[in-house]
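Here is a friendly walk through one protein model, from a pair of helices to a handful of individual residues. Have the sequence and the 3D view at hand as you read.

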Amino acid sequence: MRAALIEAPGKVSVTTVPDPSPGPRQVVVEVAACGLCGTDLHILQGEFAPTLPVVPGHEFAGVVAETGSEVRELAVGDRVAVDPSLHCHECRYCRSGRGNLCDNWAAIGVTVPGGAARYALAPVANCVKLPDEVDVRDAALIEPLSCAVRGYDVLRSTLGARVLVYGSGTMGLMMLELAKRTGAASVDILDINPERLATARLLGTSRAGARAEEFDQPDGWDVVVDATGNAGAIQDGLGRVAKGGTFLQFGVADYATTAVIEPYRIYNQEITITGSMAVLHSFERAAALFASGVLDATVFISDRFPLDAYPQALERFAAGQGRKIVVEP
């Protein structure tokens with residue numbers, strides 16, 4: 001079958017690899033769409049994936065093409081979205097219900113072959129069957145939405161919170177949509193990309209700008225979310241948190257990225273600094289939210305590429321162009 005392959009740091013191609021064969025509790029999914037993500041760029045840089053080469057693609061949905069001998073929950077022809085998380089269920093963190101922090105953490109499209117291929121292998125337990133009204137080509141959005149849902153689980157934000165989001169790419173816009181639905185009094189977005197800010201305005205952000213100084217908010221924001229992973233944005237955001245507020249590191253930064261904190265201010269103003277890692281007990285809820293229409297796929301998905309154009313799609317994504325970019329094998 002045809003698949004994208006990150007061969008070595010900085011090197012990606014589309015080639016032919018063996019077709020997957022399911023184990024007893026696995027299914028083979030014929031991929032309908034696979035989204036590109038910042039994690040894919042980190043893998044391309046040689047981060048995250050423990051070994052290369054690897055077939056990327058952890059945001060995908062498709063149709064069950066083959067089932068393992070012990071699979072009863074799904075049948076050939078069922079349309080599914082796939083949670084890429086692979087936890088060991090044995091380490092301290094898995095046993096305490098924190099599988100996203102698993103000591104042996106793995107993921108489809110990160111540590112094992114993923115959805116940037118015609119077919120992908122997945123445990124049946126990781127597949128969520130899609131209702132008829134959901135277009136399977138749009139359902140690649142469910143995985144990133146599940147990460148955003150996890151972010152709001154961590155925030156536990158209160159009604160009437162004033163929210164500031166750094167970055168209006170796919171994840172920033174998803175945080176905007178969830179903030180609107182979790183009782184935020186206002187949601188402001190910052191980005192240096194005018195096209196992306198225009199999309200944020202289309203989706204109903206309270207204010208949009210390139211710099212926080214453009215907003216009249218001298219006492220800061222109750223919730224500040226970094227959805228960029230950019231050192232400058234993170235540093236600026238840490239200084240924008242109001243007394244008693246929370247800073248959420250949601251964007252994926254490079255390993256070497258650092259920021260300076262002010263311990264006295266954190267103590268004196270009871271500021272919380274926290275992070276949100278991937279998916280945790282949030283995939284099914286994200287699928288239900290997606291089916292309810294929480295996201296407009298025509299707004300969120302800006303580009304659809306054929307699989308053979310995966311390297312070009314990745315280049316466009318890395319250049320910050322478009323919103324969610326998907327490949328359709």
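A residue is called exposed when its relative accessible area is over 50%, buried when that area is under 20%, and partly exposed in between. Please keep in mind that this is a predicted model.

**Backbone points in the loops**

You will find Ala 278 in the loop between β15 (272–275) and α8. Is Ala 278 buried, partly exposed or exposed? With 24% relative accessibility, Ala 278 counts as partly exposed.

Another backbone feature to look up is the peptide bond between Leu 52 and Pro 53, which is cis, with omega about 10 degrees. Pro 53 sits in the loop between α1 (38–44) and β4 (59–67).

**Accessibility at a glance**

The table gathers the accessibility values for the single residues in this report.

| Residue | Relative accessibility | Class |
|---|---|---|
| Ser 292 | 57% | exposed |
| Ala 278 | 24% | partly exposed |
| Thr 170 | 9% | buried |
| Asn 100 | 3% | buried |

Ser 292 lies in the loop between α8 (283–291) and α9 (297–300). Its C-alpha atom is 9.5 Å from that of Glu 133, although 159 residues separate the two along the chain.

**Two buried side chains**

Now to Asn 100, in the loop between α2 and β7 (106–107). Because its relative accessibility is 3%, Asn 100 counts as buried.

Thr 170 is placed in helix α4. At 9% relative accessibility, Thr 170 is buried too. A polar atom of the Thr 170 side chain lies 3.2 Å from the backbone nitrogen of Lys 324. Setting aside neighbours within four places in sequence, the contacts of Thr 170 are Phe 300, Arg 323 and Lys 324.

**How α3 and α4 pack**

Two packed helices are described by the angle and the distance between their axes. For helix α3 (residues 142–155) and helix α4 (residues 170–181), the axes come within 9 Å and cross at roughly 55 degrees. The two helices are therefore oblique to each other. The crossing of α3 past α4 is right-handed.

Which residues of α3 and α4 meet? From α3 come Pro 144, Leu 145, Cys 147, Ala 148, Val 149 and Tyr 152. Their partners in α4 are Met 171, Met 174, Met 175, Leu 178 and Ala 179. By class, this contact has 11 nonpolar residues, with no polar and no charged ones.

Terms used:
Residues numbered from 1 in each chain as written. Predicted model: local features only at pLDDT ≥ 70, side-chain atom pairs only at ≥ 80, totals over all residues. Heavy atoms only, no water. Axes fitted to C-alpha atoms, helices over the stretch in contact; angles between N-to-C directions. Helix = DSSP H or I, 4+ residues; strand = E, 2+ residues; numbered from the N terminus. Parallel < 35°, antiparallel > 145°, perpendicular 65-115°, else oblique. Left-handed = near helix turned anticlockwise from the far one by under 90°. Contact = heavy atoms within 4.5 Å. Nonpolar A, V, L, I, M, F, W, Y, C, P; charged D, E, K, R; others polar. Buried < 20%, exposed > 50% of the residue type's maximum accessible area, 1.4 Å probe, protein only. Polar contact = N/O pair within 3.5 Å; in protein donor to acceptor, adjacent residues only side chain to side chain.
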